Amino acid sequence: MVYWHASKLKVKTMTLHEYFAPQPTPAADLPNPTQLLRSLTQGVLEVFAGVRELDQLARWFSEDAFRKLGARANLSARARSARGVPPARPVFEVLSIRETLPADGVVEAVVIVAGPGRTRAVAIRLEGLDRRWRATSFAVL
């Protein structure tokens, strides 16, 4: 990267890892995250219920968050199998979505969902990377 500063040519060299790593994107260059928060919540609950393939959500998660989501989905599948319960589409209603912006290009949100048996909170952290939102943390509480 080359740039001018105070009439001097400055060169900043980037390592190969920095060059190919996900690049942060400011919030002004990203769409409103509300619909993505709603869709991710629905998608993850469907994965846990066994009616959606985890790979369908891969592009919206960071590597680490996706790996943790896969481990949790495996636990859900084993629990369903042990109880002899077949996969079934979850029925729930999104009651509210609360978003905070702790830094530029970062959204931390809580999505409250009500199902037939209980109400749950879903905590999600989105970061603007490579000109799109990606979930870097996801927890169903």
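## The second largest pocket

Helix 3 and strand 6 (132-140) each put at least two residues into the lining of the second largest pocket. Helices here are DSSP runs of H or I with at least four residues, strands are runs of E with at least two, and both are numbered from the N terminus. This is a predicted model, in which local features need pLDDT of at least 70 and side-chain atom pairs count only at pLDDT 80 or more, while totals for chains, interfaces and linings use all residues. Numbering starts from 1 along each chain as its sequence is written, and side-chain values use heavy atoms, with hydrogens and water left out.

The second largest pocket holds about 160 Å³ of space. Among the residues lining it are Phe48, Asp64, Lys68, Arg72 and Phe138. A pocket is an open set of points on a 1 Å grid over the protein atoms alone, where a 1.4 Å probe fits, with protein on both sides within 12 Å along at least five of seven lines; lining residues have an atom within 4 Å of a point. Volume is the space filled by probe spheres set on the points, which are joined across faces, edges and corners.

## The largest pocket

The largest pocket comes in at about 600 Å³. It has 22 lining residues, and Leu45, Phe48, Ala49, Pro90 and Arg120 sit closest to its centre. Helix 3 gives the largest share of this lining, with five residues. Helix 2 (34-49), strand 4 (106-114) and strand 5 (119-129) are also among the elements that supply at least two each.

Arg80 belongs to helix 3 (residues 63-83). Arg80 is buried but has no salt bridge, and the nearest side chain of opposite charge, Glu53, is 9.1 Å away. Buried means under 20% relative accessible area, exposed over 50%, and partly exposed in between (1.4 Å probe, protein chains only). For charge, Lys and Arg count as positive and Asp and Glu as negative, with His and the chain ends not counted. A salt bridge needs a side-chain nitrogen of Lys or Arg within 4 Å of a carboxyl oxygen of Asp or Glu.

## Salt bridges

The whole structure has eight salt bridges. One of them pairs Glu63 with Arg67 (3.7 Å, N to O); these two are four residues apart in helix 3, so about one helical turn separates them. Glu63 is exposed at 66%, and Arg67 is exposed too, at 51%.

Glu108 and Arg125 also form a salt bridge, with the closest N and O atoms 2.4 Å apart. Glu108 is in strand 4 and Arg125 in strand 5, so this pair ties together parts 17 residues apart in sequence.
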